[in-house]
Amino acid sequence: MQQDKRFDSTTSTVINGSKMLIEALHQEDVKVIFGYPGGAVLNIYDEIYKQKYFRHILTRHEQGAIHAADGYARASGKVGVAIITSGPGFTNAVTGIATAFSDSIPLVIISGQVPLTQIGTDAFQEIDAVGISRPCTKHNYLVKDITELPRILKEAFYIARSGRPGPVLVDIPKDISAQVAPFNYPNSIALASYKPTIKGNTRQIKKLATAILESKNPLFYIGGGAVISNSYREIQKLLEITKIPSVETLMARGVVQGSPYFLGMLGMHGSYAANMATSECDLLICLGARFDDRVTGKVSEFAKFAKIAHIDVDPSSIGKIINVNYPIVGDLKLVLQELIKELQDKEVDSHILKEREMWWHKLKKWNETHPLTFRDIPDEVNAPLKPQWVIQEVGKILGERAIVTVDVGQHQMWVAQFYPFSAKRQFITSGGLGTMGFALPANMGVFVALEEARAEGNKEKIALSFSGDGGILMNIQELMTCVESGIKTINIVLNNGYLGMVKQWQDFFYEKRLSHVNLNQPNFVLLAQSFGALGLEVQTKQELREALQMAIDSDKPSLINVWIDRDEIVLPMVPGGNPLYKMILE
């Protein structure tokens with residue numbers, strides 16, 4: 001893509017607000033934006049038409065645009081950018097914004113607004129975007145003065161990517177986008193009211209190091225902050241030198257790669273060994289997690305025998321849900337580097353080593369006694385496929401070649417349990433908000449990020465998504481975006497004809513009263529083909545292997561409809577409000 005000479009930020013150039021936005025995106029090295037035009041952003045789209053700095057991808061729904069920017073940000077580690085219009089354009093985007101906010105994803109969302117003179121008059125497509133988005137953005141702006149726009153845009157990117165990342169909204173009235181003023185884009189930002197703590201407290205790090213050396217039954221609890229901070233190498237080193245067992249949250253799947261002491265995912269659908277280890281450890285070291293209710297279960301029973309350390313860049317998360325003995329505020333990557341220095345050449349007392357050997361023997365036995373498993377069907381049996389087998393088989397074929405985006409529901413948990421994650425940023429899902437319809441549009445953003453990575457000389461990878469037959473229909477229109485924009489995604493639908501997770505809860509806790517969970521669905525193969533995508537149907541194991549290879553070989557985006565066992569459930573399961581050690585295992 002042609003890269004025009006950047007504006008000299010030391011020289012005033014008089015341009016309109018729309019051109020300012022374009023130049024600011026260029027200054028921030030934005031390569032792609034996702035969006036949907038409308039009346040309030042027509043001036044901006046006119047400038048987008050003229051520019052050659054970045055690619056604009058037209059989605060088919062504003063929610064799809066935000067999810068695509070979200071997927072791009074998660075896969076690339078960069079700030080995702082989306083542009084939407086006012087009124088219903090903005091309200092359509094709120095679910096995507098809230099999804100990103102819940103999972104701490106850096107986005108800058110540009111929304112159009114009615115002219116300043118019309119704000120408060122109930123003008124056509126007027127909505128209070130700032131008020132609506134306040135609970136689900138890290139920060140937001142209504143631009144009231146054209147001269148402030150360059151500073152606001154610089155702040156938006158800085159706030160989105162620094163500290164605990166998150167989405168930032170910039171709401172631009174239509175008259176502001178047309179007004180002209182000198183464009184002086186700041187080189188840096190210093191905000192008196194916003195100064196994230198990056199370096200951890202040295203004294204607290206030393207205390208934690210001592211606690212780790214003295215604990216008999218320690219456990220590392222790794223959260224999504226490990227992914228956001230790119231702490232993969234530090235965590236691998238920490239596990240290597242301490243030989244302490246570890247567990248991951250849903251958002252951290254794939255961080256621990258190859259450690260013999262890894263116990264799997266913990267929480268509502270975590271492994272038996274992971275949940276029991278958390279319940280019986282004497283020191284729980286939390287690395288970038290926030291003690292979500294799906295992880296803790298009954299809070300009063302969570303790790304009740306343990307002293308707890310919590311490392312997080314967000315001070316408001318520490319002590320919010322669980323009382324903490326060793327609080328450390330700071331960037332996880334930097335804190336772990338200091339912690340590793342403290343532990344590097346220290347030896348654990350021989351008596352404590354013996355206690356740890358007994359601890360590991362107990363954990364290993366739990367893993368062997370209650371492994372993650374399922375009852376598969378023989379190849380020759382004519383029966384619906386087990387979803388766990390489908391995921392395992394896809395994992396065997398694609399392994400770390402795939403960046404895996406998942407929707408929400410049973411398949412989300414099965415993928416977290418059974419896909420063999422072994423690469424950085426390989427698992428992408430809506431964890432905090434649990435947004436159905438996330439996978440397909442987010443997978444578009446993943447593909448674009450992978451295209452950029454390939455252009456920079458990285459290995460070729462595949463953008464793969466898993467959805468249920470309920471979630472896929474919520475943003476199925478984005479298949480058209482994939483076809484039109486040359487976005488080759490592989491989308492696997494695990495089809496059981498139910499809202500599966502809701503049905504599972506109704507089976508367990510509502511005496512099998514299946515209230516409105518049975519789904520009559522369209523012919524997904526014909527639907528995919530109508531968009532111009534590759535549509536494939538799978539009922540047997542061999543058909544799955546063949547369909548996946550066809551999707552890999554095709555130059556089109558694909559949708560593979562896989563018929564699975566309607567009554568398969570996700571186990572283990574901790575019923576809501578129960579402690580982690582009270583699991584349903586069979």
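Is the crossing of helices H17 and H18 left-handed or right-handed? In this predicted model, where local features need pLDDT of at least 70 and side-chain atom pairs count only at pLDDT 80 or more, totals for chains, interfaces and linings use all residues. Residues are numbered from 1 along each chain as its sequence is written, and side-chain values use heavy atoms, with hydrogens and water left out.

The crossing of H17 and H18 is left-handed, a term applied if the near helix is turned anticlockwise from the far one by less than a right angle, clockwise being right-handed. Helices (H or I, at least four residues) and strands (E, at least two) are DSSP runs numbered from the N terminus. H17 spans residues 439-455 and H18 residues 478-485; the two pack at about 25° with their axes 9 Å apart. Axes are lines fitted to C-alpha atoms, for helices over the stretch in contact, and angles run from 0 to 180 degrees between N-to-C directions. Leu440, Pro441 and Met444 of H17 make the contact with Glu478, Leu479, Thr481 and Cys482 of H18, contact meaning heavy atoms within 4.5 Å. By class, this contact has 5 nonpolar, 1 polar and 1 charged residues; Ala, Val, Leu, Ile, Met, Phe, Trp, Tyr, Cys and Pro count as nonpolar, Asp, Glu, Lys and Arg as charged, and the others, Gly among them, as polar.

Among the residues making the contact are Ile235 and Leu238 of H10 and Leu336 and Ile340 of H13. The contact of H10 with H13 has 7 nonpolar, 2 polar and 3 charged residues.

An unreviewed UniProt entry places the feature "domain: Thiamine pyrophosphate enzyme central" at residues 205-339; such annotations may be inferred rather than shown by experiment. The end C-alpha atoms of this span lie 6 Å apart, and the span is 34% helix and 20% strand. Leu283 belongs to strand E12 (residues 283-287). At 2% relative accessibility, Leu283 counts as buried (under 20% relative accessible area; exposed is over 50%, partly exposed in between; 1.4 Å probe, protein chains only). Beyond its neighbours within four places in sequence, Leu283 contacts residues including Ala211, Pro218, Lys307 and Tyr326.
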